[in-house]
Amino acid sequence: MRNLMIGPKIMITIVVFAIAIVFSCRKNTDDGAAIIEQANKPGVRELIISALNPGIQDTLAGFNLSITMPNRKLDTMVTGKRLVIKNLVAGKYNGCVTKTGYICDSISVVVVLPSKSNVSLFLSQTALLPKAANPVVVSTSVGSSIPVSTSADVPSSPVVATVTVPAGIVVTMPDGSKPTTISLSATNLPTENQITPVNMVNGVPTVEAQPLGVSNGQIVLKTIDLQPEGITFNIPMIVELNISDMYPASMDATFKAARQNALTLNYIRKDGTIEKISPDHFSADRGIAYFKITHFSEWNLVNSNLTMTKVTTGFAAEKNVISDCGKGLTGSFTNTIHYPYGTGSDPYLPWLITSIAADVNYTVTANYDIPPVSGKQVTAHWSCIIETWELKDSTPGGVPKRTLLIPAAGSSVTATYADCHNQGG
């Protein structure tokens with residue numbers, strides 16, 4: 001859902017220059033860091049906080065931030081699109097970002113300061129604030145149905161679920177009160193892959209996927225946020241979840257049904273335990289799964305037959321770029337791992353990890369801009385961090401176990417200088 005690893009390279013002199021590493025992470029954050037070493041100047045240490053609506057990929061202006069830092073607590077209204085916290089100290093920074101009409105998100109950063117006083121550190125955290133659905137007022141005598149669309153920003157977007165609230169309910173709030181009328185809202189929280197477009201690459205549908213969205217060892221397929229969180233009902237709500245778009249058209253009907261039977265709605269309790277609800281039944285065409293729930297919370301749809309476990313973390317082979325004598329270097333390093341869809345002995349592997357019937361690329365990029373030094377030749381070095389994951393599948397007819405390599409992030413780009421072999425060149 002974050003550690004930048006600096007690999008030293010020692011030749012004659014080692015200099016770490018401006019680094020920009022592009023990657024995303026955990027459920028609700030996107031962080032990056034730049035480390036800049038400056039001669040004879042005190043380093044600048046800053047944390048930049050912003051907010052993003054993931055449904056339409058738009059940076060939000062005007063949000064509230066409450067953050068606890070090692071040396072103080074800050075509660076503020078941010079009028080622009082970002083807040084810069086200066087003069088960082090080492091330790092944990094935990095906070096919450098809120099905005100009226102949007103679902104709040106938490107942020108968490110562990111700041112490790114450079115050992116040298118002249119080294120600057122720039123960190124960024126992006127909170128994901130999906131737009132909340134319009135509330136529906138329900139009374140105990142009327143009942144209601146709440147549509148949950150793909151994007152609350154686009155009213156015409158496809159409905160992924162409908163929550164049916166029956167009449168005659170008794171609502172119990174978290175504080176124990178029992179109101180007769182209550183406003184309810186339900187929102188689809190798109191996963192990272194669901195907000196990633198499918199592009200045509202050499203005529204083949206391809207997804208540039210995000211790092212794996214894994215919760216408690218399982219891939220999150222959909223997330224439905226039901227508010228107010230924590231209310232309970234004496235009569236179960238019915239969640240009608242559209243699953244017609246979740247399975248490839250080419251999949252055998254028996255195999256498809258076996259996978260659907262393993263679907264569960266999971267609620268992660270505050271103590272870390274999980275409440276799991278299997279489908280009560282399916283529609284005749286197996287396009288809708290019906291679940292009965294007794295409380296409003298954030299629910300994850302997963303396939304209980306699939307488990308994802310990170311086994312190891314290592315580095316890919318180092319990449320190097322060498323400049324001409326007295327020249328600098330500007331460019332980027334890239335590492336891509338490709339998984340084809342629909343071919344070979346494991347045709348559905350990309351679909352299992354993204355829920356999209358398309359080829360999958362996992363790509364990590366590290367940019368560099370290294371200035372020249374007269375009479376010196378510079379070499380830029382980079383290694384991509386590679387995670388090894390194990391995917392186990394107990395679905396009848398499935399592949400029992402697979403090993404996946406996923407590029408997670410790049411190490412810092414380092415630069416070494418050496419005297420030119422031909423000083424006249």
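In the predicted model, C420 has a relative accessibility of 7% and therefore counts as buried, the limit being under 20%. This cysteine forms a disulfide with C325, the two sulfur atoms lying 2.0 Å apart. The link between C325 and C420 is right-handed, with 100 degrees about the S-S bond. Distant parts of the chain are connected by the pair, which is 95 residues apart: C325 belongs to the loop between strand 29 (319-322) and strand 30 (329-339), whereas C420 belongs to the segment after strand 35 (414-419). In contrast to the buried C420, C325 counts as partly exposed, because its relative accessibility is 21%. The count of disulfides in the model comes to 1.

Other cysteines were also examined. C96 takes part in no disulfide; the nearest cysteine sulfur belongs to C104 and is 4.4 Å away. With a relative accessible area of 29%, C96 is partly exposed. C384, by comparison, has a relative accessibility of 1% and so counts as buried.

Strand 35 is joined by 6 bridges to strand 32 (residues 376-382), and the two strands run antiparallel. Within this pairing, K376 has D419 of strand 35 as its bridge partner.

A further element of the fold is an open sheet of 6 strands, in which the pairing is antiparallel and the order is 12-16-21-27-23-24. The edges of this sheet are formed by strand 12 (136-139) and strand 24 (274-277), each of which pairs on one side only. On average, neighbouring strands of the sheet are turned by 30 degrees against each other, direction ignored. In general, the strands of a sheet pair through backbone hydrogen bonds, in either a parallel or an antiparallel manner. Strand 21 (residues 222-227) and strand 27 (residues 298-303) run antiparallel and are joined by 4 bridges. I224 stands opposite W299, a residue of strand 27.

Strand 31 (residues 359-370) contains T365.

The largest cavity has a volume of about 100 Å³. Its lining consists of L221, M246, Y247, R259, L263, N303, L306, W351, L352 and S355. By class, the lining of the largest cavity comprises 7 nonpolar, 2 polar and 1 charged residues. One of the lining residues is N303, and strand 27 spans residues 298-303.

The second largest cavity holds about 60 Å³ of space. N53, G55, P130, K131, T150, S151, A152, D153, T187, N188 and P190 line the second largest cavity. Here the lining divides into 3 nonpolar, 6 polar and 2 charged residues. The lining of the largest cavity, for its part, has 7 nonpolar residues.

Methods: Residues numbered from 1 in each chain as written. Predicted model: local features only at pLDDT ≥ 70, side-chain atom pairs only at ≥ 80, totals over all residues. Heavy atoms only, no water. 1 Å grid on protein atoms, 1.4 Å probe; cavity = no way out; pocket = protein on both sides within 12 Å on 5 of 7 lines; lining within 4 Å. Points joined across faces, edges and corners; volume = space filled by probe spheres on them. Nonpolar A, V, L, I, M, F, W, Y, C, P; charged D, E, K, R; others polar. Pairing = 2+ DSSP bridges. Axes fitted to C-alpha atoms, helices over the stretch in contact; angles between N-to-C directions. Disulfide = S-S within 2.5 Å. Buried < 20%, exposed > 50% of the residue type's maximum accessible area, 1.4 Å probe, protein only.
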